[in-house]
Amino acid sequence: MKKSLCLCGFLSFLFFLFFFFPLADLLKLVGVLLTSLAGWYSGYFLCAFVSKTTITASIANLQDIGKKPVLRAPVPKRQKCDHWSPCSPGDYAYRILSGGGKGKLAKICFDDELLISKEKGNVGRGINIAIVDYKTGKVTSAEFFDMWEGDHSGEMMTFIKNAPEGSLLLMVTHDDGSTRLKNDAKKLVEELGSKEIWNMKFRSSWAFIAAKGFKLPDNIQKEKVSFILLSLYSCLYIRCNLQVQILCVSCNNCSLFSKP
């Protein structure tokens with residue numbers, strides 16, 4: 001009796017499906033039902049033939065995956081003068097960075113020692129110059145010369161001329177380095193090897209490295225300059241200097257030179 005009732009119910013269900021559903025939808029529904037039935041049967045089979053201990057251990061292993069520490073690449077070790085990669089042994093590392101507005105002061109670093117910087121308290125408007133003994137790599141003197149207010153062009157010439165033979169001269173601008181820079185001072189810097197000193201304009205950013213009494217290698221960057229492209233009116237208010245820098249970048253693209 002129960003079997004007859006089940007069969008009648010099943011036939012009624014099939015009649016309902018064929019009568020109210022299009023053939024395409026009916027096939028989709030049959031597919032879903034068969035898939036669900038197969039999934040239920042597979043789960044039943046798994047529970048019947050796989051031990052509870054094995055299932056519990058597998059779940060525990062999956063949970064432990066999220067607890068394992070994630071391996072991360074080590075933080076790059078800081079190199080001299082904040083470079084990303086080290087210079088070759090026996091080479092000086094340096095960075096000459098111009099000022100870039102009111103809050104970005106010029107900086108000169110040589111062999112991991114700050115020669116001119118905000119931290120040292122010896123950076124100023126105009127042209128900043130550090131003199132380094134080439135043999136020892138140690139700074140002998142550092143000064144800045146204001147080229148916007150006052151007449152300091154002659155003082156800068158005296159400072160450069162007093163640099164001893166065998167010296168490196170590292171020069172960089174902050175704010176304006178050209179307004180009161182006189183032609184005789186430009187000629188002196190040109191004699192040190194500068195090609196851009198005559199092209200400097202109001203608030204140009206300029207960095208330069210020179211040698212006195214010896215010749216620097218030809219394959220290093222010795223000078224870099226950028227010019228203000230905006231109007232003078234805008235520059236006066238937003239202090240729009242663009243920073244430039246000369247630096248040792250790597251031994252594949254060297255801006256460095258060997259110690260004597």
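**Close-up views of a predicted model**

**View 1. The whole chain.** Buried residues account for 36% of the 260 residues in the protein chain. The model is predicted. The protein chain contains six helices and 11 strands. Take the contacts between residues at least 6 apart in sequence: 60% of them join residues at least 24 apart. The accessible surface is about 16600 Å², and carbon and sulfur atoms hold 62% of that surface.

**View 2. A stacked ring pair, Tyr 94 and Phe 110**. The structure has seven aromatic pairs. In one of them, Tyr 94 and Phe 110 are stacked, 6.3 Å centre to centre with 15° between the planes. Tyr 94 sits in strand 2 (residues 94–97) and Phe 110 in strand 3 (residues 107–110), so the pair ties together parts 16 residues apart in sequence. Tyr 94 is buried, at 0% relative accessible area. Phe 110 is also buried, at 1%. Both rings belong to a cluster that ring pairs build from Tyr 92, Tyr 94, Phe 110, Tyr 134 and Phe 214.

**View 3. A tilted ring pair, Trp 148 and Phe 202**. The rings are 5.8 Å apart, centre to centre, with 50° between the planes. Trp 148 lies in the loop between strand 6 (139–145) and helix 4 (153–161). Phe 202 lies in the loop between helix 5 and strand 8. The two are 54 residues apart. Trp 148 is partly exposed, at 40% relative accessible area. Phe 202 is partly exposed too, at 23%.

**View 4. Lys 195 in a loop**. Lys 195 is found between helix 5 (183–191) and strand 8 (205–212). Its relative accessibility is 71%, so Lys 195 counts as exposed. Lys 195 and Phe 208 are 13 residues apart in sequence. Their C-alpha atoms are 9.7 Å apart in space.

Technical notes
Residues numbered from 1 in each chain as written. Predicted model: local features only at pLDDT ≥ 70, side-chain atom pairs only at ≥ 80, totals over all residues. Heavy atoms only, no water. Helix = DSSP H or I, 4+ residues; strand = E, 2+ residues; numbered from the N terminus. Buried < 20%, exposed > 50% of the residue type's maximum accessible area, 1.4 Å probe, protein only. Contact = heavy atoms within 4.5 Å. Areas by Shrake-Rupley, 256 points an atom, 1.4 Å probe, with all protein chains shown as cover. Phe/Tyr/Trp six-rings, centres within 6.5 Å; stacked < 30°, edge-to-face > 60°.
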